[in-house]
Amino acid sequence: MKTDIILSGVGGQGILSIAAVIGEAALKEGLYMKQAEVHGMSQRGGDVQSNLRLSDEPIASDLIPKGHADLIISLEPMESLRYLPYLKKEGWLVTNSRPFVNIPNYPEIEKVNAELDRLPHKVVLDVEE
């Protein structure tokens with residue numbers, strides 16, 4: 001069993017906390033876990049992402065290669081699109097439908113939704129509801 005998960009969003013949404021909870025649960029189940037994260041601009045509402053790798057065998061690297069993620073969990077719809085190159089062809093995207101507009105040139109939500117609609121395996125929901 002091996003599961004590669006990318007968590008994405010913007011600073012303050014709890015991405016690193018979600019990664020920590022999933023990682024702790026995996027360790028309690030006796031799984032191996034590796035995590036890498038990027039959060040340089042997180043305090044300013046910038047991009048935050050975490051690679052989370054879970055397995056029943058030892059894991060060599062904490063980074064998920066492009067085209068290998070089983071799951072992307074995103075709390076921001078545009079940020080979910082940023083990591084699509086990492087998703088397996090049969091992988092799933094779970095994302096928030098509500099945008100967090102933190103930049104002046106944020107694309108129209110209709111354009112973001114059109115890109116999401118093209119994906120065969122997705123769950124889009126309003127996590128604030």
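Strand 3 is mostly covered, with 8 of its 9 residues buried (buried means under 20% relative accessible area, exposed over 50%, and partly exposed in between, with a 1.4 Å probe and protein chains only). Strands here are DSSP runs of E with at least two residues, and helices are H or I runs of at least four, numbered from the N terminus. The model is a predicted one, so to speak plainly about cut-offs: local features need pLDDT of at least 70, side-chain atom pairs count only at pLDDT 80 or more, and totals for chains, interfaces and linings use all residues. Residues are numbered from 1 along each chain as its sequence is written, and side-chain values use heavy atoms, with hydrogens and water left out.

On one side, strand 3 (residues 47–55) pairs with strand 1 (residues 2–10) in the antiparallel sense over 9 bridges. Here D4 has R53 as its bridge partner, and K2 stands opposite S55. Strand 2 also runs antiparallel to strand 3, joined by 7 bridges, with Q35 opposite L52.

As for V127, this residue lies in the segment after strand 6 and is partly exposed, with a relative accessible area of 41%.

How values were computed
Pairing = 2+ DSSP bridges.
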